[in-house]
Amino acid sequence: PVPPGVLPLCRRPPAWGRGTQQLPSLPLAPCRAFSNSKILVELDESSGVATMKFKSPPVNSLSLDFLTEFCISLEKLENDRACRGVIFTSAVPKIFSSGLDITEMCGKSTEHYAEFWRAVQEMWLRVYGSNMVTVAAVNGSSPAGGCLVALSCDYRIMVENPKFSIGLNEAQLGIVAPFWFKDTFVNVVGHRVAERSLQLGSLLPAPEAHKFGLVDELVPEEKLLEKAAAVMAQWLALPDHARQLTKSMMRKAVLDRLIAHREEDIQNFISFVSKESIQKSLRMYMEMLKRKKS
């Protein structure tokens with residue numbers, strides 16, 4: 001941890017250099033770091049790129065606390081003129097994010113369900129509609145809501161390990177992915193792949209995810225952040241306004257659809273998750289997870 005008020009130093013990966021020739025050793029660039037209990041953010045001011053690491057063991061589940069801290073961290077970066085792009089990755093081995101925290105959806109009040117679902121919506125609206133370049137450096141498995149975070153980014157790079165999988169597997173838990181999850185998925189992989197994957201609740205191993213276009217590239221684990229930095233440099237080489245307006249044009253209809261139906265979507269979630277049959281299947285799933293741990 002860095003003492004308050006002290007700028008740590010970040011060594012820039014070679015890919016962030018502008019020219020083709022690299023100096024033997026790169027200078028250390030000033031780096032601003034801030035962190036809370038679930039998220040660590042490091043901003044390299046010379047490149048304008050922040051790295052946001054999820055650090056909520058054991059599996060970076062998207063709890064209400066995690067989502068709140070995620071949105072606060074992202075808002076700080078959005079409001080920081082020094083920041084033009086953010087790389088999302090995990091500080092927890094073998095997992096990017098396990099998705100929505102089931103405990104937030106089981107045996108709670110309708111008020112709690114509403115607060116939780118509003119936080120899930122807010123996370124997606126902020127990432128999918130971000131003015132910054134967003135790159136997902138997926139260094140572990142990423143089911144359900146974890147997949148949504150990656151899908152919402154501009155570019156996805158995943159570790160080429162067949163043991164790591166990614167997908168919207170809600171159907172396996174007896175849950176239906178909301179329309180805005182579906183819209184995001186369709187816009188990445190196309191209608192047919194999305195339809196089949198959503199109905200089957202498929203979790204695709206990394207090579208298959210790449211084949212279907214769910215992730216853009218596969219790289220060895222040790223090259224992941226270097227590759228993310230290189231991709232980021234390529235995107236940031238363009239004028240911000242042209243890239244931002246193009247992104248807005250491509251994504252506006254999907255964003256507007258949730259914004260227009262936000263309260264209705266919350267009510268749909270509450271009525272769905274409150275059903276005894278759904279609560280029962282969530283309880284069974286939690287029991288299964290407990291047995292796996294023991």
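This is a predicted model: local features need pLDDT of at least 70, side-chain atom pairs count only at pLDDT 80 or more; totals for chains, interfaces and linings use all residues.
Let's start with α5, which spans residues 191-200 and has V193, A194, S197 and L198 buried. These four cover an arc of only 120° around the axis, which means they sit on the same side of α5.

What do the buried residues of α5 pack against? Their partner is α4, residues 179-189. Over on the other side of α5, H191, R192, Q199 and L200 are exposed. After the helix comes G201, with a positive phi near 60°.

## N169, tucked into a loop

N169 belongs to the loop between β10 (165-167) and α4. Is N169 buried or exposed? Its relative accessibility is 7%, so N169 counts as buried.

Setting aside neighbours within four places in sequence, N169 touches P143, A144, G201, S202 and L203. G201 is the residue that follows α5. As for L200, its C-alpha atom is 7.5 Å from that of N169, although the two are 31 residues apart along the chain.

## The largest pocket

The largest pocket comes in at about 1,100 Å³. It is lined by 39 residues, and the ones closest to its centre are S98, L100, I102, Y285 and L289. Elements giving two or more residues to the lining are β8 (140-143), α4, α9 (262-273) and α10 (276-293).

Which element supplies the largest share of that lining? It's α10, with 7 residues. Sorted by class, the lining holds 23 nonpolar, 9 polar and 7 charged residues.

## Salt bridges

The model has 15 salt bridges. Two of them share D183: one with K182, where the closest N and O atoms are 2.7 Å apart, and one with R257, also listed at 2.7 Å, N to O. D183 is in helix α4 and R257 in helix α8 (residues 240-260), so this pair ties together parts 74 residues apart in sequence. D183 counts as buried at 10% relative accessibility, while K182 is partly exposed at 31% and R257 is partly exposed at 37%.

Elsewhere, R283 and E276 meet in a salt bridge at 2.6 Å, N to O, and R283 is partly exposed at 39% relative accessibility. There's a network too: salt bridges link E75, E122, R126 and R262.

Key:
Residues are numbered from 1 along each chain as its sequence is written. Side-chain values use heavy atoms; hydrogens and water are left out. Buried means under 20% relative accessible area, exposed over 50%, partly exposed in between (1.4 Å probe, protein chains only). The arc is that of the directions from the helix axis to the C-beta atoms. Contact means heavy atoms within 4.5 Å. On a 1 Å grid over the protein atoms alone, a cavity is a set of points where a 1.4 Å probe fits but cannot get out, and a pocket is an open set with protein on both sides within 12 Å along at least five of seven lines; lining residues have an atom within 4 Å of a point. Grid points are joined across faces, edges and corners, and a volume is the space filled by probe spheres set on the points. Ala, Val, Leu, Ile, Met, Phe, Trp, Tyr, Cys and Pro count as nonpolar, Asp, Glu, Lys and Arg as charged, and the others, Gly among them, as polar. A salt bridge is a side-chain nitrogen of Lys or Arg within 4 Å of a carboxyl oxygen of Asp or Glu.
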